[in-house]
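Please open the structure in a viewer and keep the selection tool at hand.

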Amino acid sequence: MRLALTPVSLLAQSISDFWAIMSSLLLGLLTLLLLQPVVLFAWQDYKDYKLYELKIEGAEEQNLVRKWSKENPLWDFHEPKRNESLLNVMIPPEEAKRFLETLRNYHLEYKVLIEDLAPLVHAQRTENLSKKLFIPWPHIDVLSAFYTHSEINDYLDSLPERFPKRVQVKQFGWSYERRPLKVLTITNGDGRRNKPVILIDGTVHAREWISPSMALYIIQQLLDNYGDNQELLQDYDWVIMPVVNADGYEYTHTDSRYWRKSRRPTSNPDCIGTDINRNFGYEWGHDEGSSSDPCEPIYRGERPFDQPESQVLRDVMLHYKGRLNFYLSLHSYGNYFLLPWGYTSDFPDTYQDMMSVADAGAKAIIYSTNGIYSYGSTYYVLYPTSGDTADFAFGVVNATVAMTMELPAAGFQGFDPWVSHIERLVTESWVGVRAMAAEVIRRYPA
Ligand code: 0X9
Ligand code: ZN
């Protein structure tokens, strides 16, 4: 008891108190540093960045937005979608005056959705980092946090030990900043070779964080929840690449949460990065659907496949040529199943077959959660895209079904779900992916 302490034990007590205080101070400091990486990294705090919603009506106003987007690389417009008149744009404080003047000059209707992004970005970052303090490495609890590229790689590398007969991790190449790009093959372990393949990629766009989470959730469903999903692996192998744009994705964790493109410098020293989803070598380079301007979010690069990340994904696809029955690219956001083509308003010959697969996914989701997906060709449902991964998978690799899945919006910009949204988003999306895979397997038996 404290009252009965002798001078010696008093001394010991105060020394141990001292260390207890010091260690809790150190721990506190460490946690604070971890949660406030502003100090450690070039973390962009988005102070006084505002989010506006514009009302765009008709082709004339759409073209106006396209023009502004070209002329003002700092005005971060979300791509205007066909049939949607509301459009979000993120504006830095130093641009606010000019932006508002422009809107007023053209009598465009708008409202402010978010006055200052900083506290929200900070709160999300803190939420995620604090959740991860309690998750032991290299374990990944998909539903409890978002993970960095290296954490995801460590997790992939840990799987062969747990599932020696059922998984294989293969590195197909490197990103521009020399990050290893890894691909996981999952089988049922029966040793049968050359089964048809379902290839799923994620994180072609850096800021779409639900995409890698979804890829990881699919992996966990096929491995840890094998009992419920055996038939999906009976005659098919699954190949999953959770992070394609590794540099961009890492950059969203360390620097700028809303980065989209890759991180390789361009011919313009002020503008970094290429849109991997405009860099693929099938009908590459149309001005409708991509841009030759390095400052635009849909910059297609100087040449098709001039980005190492695109080369790697291309090589993964070509590796499975002849076996690729379903190519699925995970993006966010919008609740769409997007089919070829993106580059033209024509429809592929097998369009209706692909539509049946999308239809199976949409029905399964609506029955399970009432979630509503639109589906059809990218060109019609969303907007023209050229040089995207799904057109290449279909046009060059001859994937039987090629699709981009735009997962649901969440968070305040759509790309930025709170950790607490992950479970709802991935469980609903899995219902769709599972139903589409089952439909592919049913329609195209091995
Ligand atoms: O514009 C894109 O690249 C995709 N939308 S996003 O909001 N995630 O950026 C849509 C691309 C759809 N095209 C195909 N991959 N077919
Ligand atoms: Zn995307």
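The stops that follow concern a metal site, a ligand, a disulfide and a helix.

The model is a predicted one, and the values given on this tour are to be read accordingly.

**First stop: the zinc ion**

Select ligand 2, the zinc ion, together with His 205, Glu 208 and His 331. Which atoms coordinate the zinc ion? The donors are ND1 of His 205, two OE atoms of Glu 208 and ND1 of His 331, at 2.0 to 2.3 Å. Along the sequence, these donor residues follow the spacing H-x2-E-x122-H. Glu 208 belongs to the loop between strand 7 (197-202) and helix 6 (210-223), while His 331 belongs to strand 9 (residues 324-332); the pair therefore ties together parts that are 123 residues apart in sequence.

Next, colour these two residues by accessibility. Are Glu 208 and His 331 buried or exposed? Glu 208 counts as buried because its relative accessibility is 3%, under the 20% limit. His 331 likewise counts as buried, with a relative accessibility of 1%.

**Second stop: ligand 1**

A polar side-chain atom of Glu 208 is 2.9 Å from a nitrogen atom of ligand 1. For His 331, a polar side-chain atom lies 3.2 Å from a nitrogen atom of this ligand. Thr 378 also places a polar side-chain atom 3.2 Å from a nitrogen atom of ligand 1. The ligand taken alone exposes 420 Å², of which the protein buries 97%.

Now extend the selection to the surroundings. There are 16 residues around ligand 1, and those that come nearest are Arg 260, Arg 278, Tyr 383, Thr 404 and Glu 406. Strand 9 and strand 12 (401-407) each contribute at least two residues to the shell around the ligand.

Select Cys 271 and Cys 295. These residues form a disulfide, with their sulfur atoms 2.1 Å apart, and a search of the whole structure finds one such link. Both cysteines lie in the loop between helix 8 (246-254) and helix 9 (308-319), 24 residues apart. The link is right-handed, with 90° about the S-S bond. Cys 271 counts as buried at 10% relative accessibility, and Cys 295 counts as buried at 16%.

**Last stop: helix 9**

Finally, select helix 9. How far apart are its end C-alpha atoms? They are 16 Å apart, which agrees with the 16 Å that twelve residues should span at 1.5 Å a residue. The buried residues of helix 9 are Pro 308, Glu 309, Ser 310, Val 312, Leu 313, Val 316 and Met 317.

Key. Residues are numbered from 1 along each chain as its sequence is written. Chains are lettered from A and ligands numbered from 1 in the order in which they are written. This is a predicted model: local features need pLDDT of at least 70, side-chain atom pairs count only at pLDDT 80 or more; totals for chains, interfaces and linings use all residues. Side-chain values use heavy atoms; hydrogens and water are left out. A disulfide is a pair of cysteine sulfur atoms within 2.5 Å. Helices (H or I, at least four residues) and strands (E, at least two) are DSSP runs, numbered from the N terminus. Buried means under 20% relative accessible area, exposed over 50%, partly exposed in between (1.4 Å probe, protein chains only). The expected span of a helix is 1.5 Å times one less than its number of residues. Donors are N, O and S atoms within 2.8 Å of the metal (3.2 Å for Na, K and Ca); water is not among the atoms, so sites may look incomplete. A residue is near a molecule or strand if one of its heavy atoms lies within 4 Å of it. A polar contact is a pair of N or O atoms within 3.5 Å; within protein, one must be able to donate a hydrogen and the other to accept it, and residues adjacent in sequence count only if both atoms are side-chain atoms. Accessible areas come from the Shrake-Rupley method with a 1.4 Å probe; for residues, only the protein chains shown count as cover.
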